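Open the model in a viewer and keep the selection tool at hand.

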Amino acid sequence: MVVEVAIDPKVERLRQQVPAVLGTGYLNAGTNGPLPLVARDAMAEAFGRELEIGRIVPGVYEGGFARNRAVAATAAGMFGADPDEIALSHSTGEGMSAVLMDLRWEAGDEVVTTNLEHPCLLNPLALLAHRFGVVTRMADVGTGGGDVLGAIAAAIGPRTRMIALSHVMWSTGAVVPLAEIAALAREHRLFLLVDGAQSAGQIPIDLHRLGVDAYAMPGQKWLCGPEATGFLYVRRDRFADVAPTFLRYATFDTSGYLIPNPTAARYEIGEFFGPAIETQQAALTWLRDEVGLEWAYARIAELGRRCHAGLSRVPHLIVLTPPDRMAGLVNLSTPLMRPQELVAALFARGLTIRYVDSRPCPVTARVATGWWNTEEEIDRLVAAVGEILDDAARAGEG
Ligand SMILES: Cc1ncc(COP(=O)(O)O)c(C=O)c1O
């Protein structure tokens, strides 16, 4: 039964600024977040300017560099870093690969990771194994609700040089105790690389306080920016260890002596689409100033808990997400159907979630609660999952 809950006026007002969430119950920021109207306006304005004034007229080139640094500064402010420690990227995967390829490896070096990671980390690790003989040690952390720190500590050996893992697990929704893992990394003098694909914009992040070495983030998920945007944080005192591999104009200064750019812009790869960067800036500023980051984080987690509690009561459903270590992701499986089928059945009822299917991670259907969701949508989702599984169970009996 779906009980009617009044919509918070702030939620109602903000939802009007995010058209995609009005059409369906949009519960998929874990893949791509919805775009706000300010993103459309910024894109139209920037693209229109290029169209009408020309793309490179005097001042535009220099302005582009300042524009890129400005969005890096906005991100730095949101995530507790110095602007100079933030590079723009085109995706989380690009940031992860850049750091992994920019370090100097020797055969037999080890990277400790977990059994819940995304291919954006596992693929470059496989390449490092193939190319340099780097060994991956996979700590089995289960679904991420138990002694994650202990499992990681137990996997560290004398040849370990790095811990690399996600802050929020895409495959179970578990939020790992990152500050403790960073302390462990420091104790063993290891580099800590973090995949922040599911954390940036979903949970509070204070990079300096966490004490991580490098942290890769996407712009298109919980930060509601366009695709092909993202950030890579590298802590300043790690610049000497991370030597840029993929070079562009801004990698070095203009002296011709291979002197690296003094900022993390040295880690930027390829060129950036100016209107996308301006759109990202508009989306971030809107999230920070109009939505409010603390409010958004609290609401995402509250709706996540509501969703977890409701779905935990649905027969035939396994909720993999550890309830005491979660925020807005809730990962599900059922013996009655494949996650893809559950996703399709929910979409037919006006609810958008998605499945994640990449070994060694568990194959699941994943709900991502956004601050834009209403309590009614969460309850409707819970009821719909219950009905779909009831029907499937009856069909199985018949
Ligand atoms: C944990 C994790 N890492 C990396 C990615 C890939 O992100 P991007 O498309 O920004 O490279 C995703 C998203 O799908 C993810 O969930």
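Select residues by counting from 1 along each chain as its sequence is written. The model is predicted: local features need pLDDT of at least 70, side-chain atom pairs count only at pLDDT 80 or more, and totals for chains, interfaces and linings use all residues.

Start by colouring domain 1 (9-36 + 292-397) and domain 2 (42-288) separately; these bounds come from an automatic or database domain assignment. Their centres, taken over C-alpha atoms, are 27 Å apart. Across the boundary, 27 residues of domain 1 are in contact with 27 residues of domain 2 (contact: C-beta atoms, placed from the backbone, within 7 Å).

Next, select the ligand and its shell: S91, T92, G93, H118, C120, S166, W170, D195, A197, Q198, P218 and G230. A residue belongs here if its C-beta atom, placed from the backbone, lies within 6 Å of the molecule. The shell has four nonpolar, seven polar and one charged residues (Ala, Val, Leu, Ile, Met, Phe, Trp, Tyr, Cys and Pro count as nonpolar, Asp, Glu, Lys and Arg as charged, the others, Gly among them, as polar).

Last, select α7 (148-155) and α8 (178-187), whose axes are 10 Å apart at an angle of about 20°. Helices are DSSP runs of H or I, at least four residues, numbered from the N terminus; axes are lines fitted to C-alpha atoms over the stretch in contact, with angles from 0 to 180 degrees between N-to-C directions. α7 and α8 are therefore roughly parallel (under 35 degrees). Show side chains for L149, I152 and A153 in α7, which meet E180, I181 and L184 in α8. This contact comprises five nonpolar residues, no polar and one charged.

Notes
Helices (H or I, at least four residues) and strands (E, at least two) are DSSP runs, numbered from the N terminus. Angles under 35 degrees count as roughly parallel, over 145 as roughly antiparallel, 65 to 115 as roughly perpendicular and the rest as oblique. Two residues are in contact if their C-beta atoms, placed from the backbone, lie within 7 Å.
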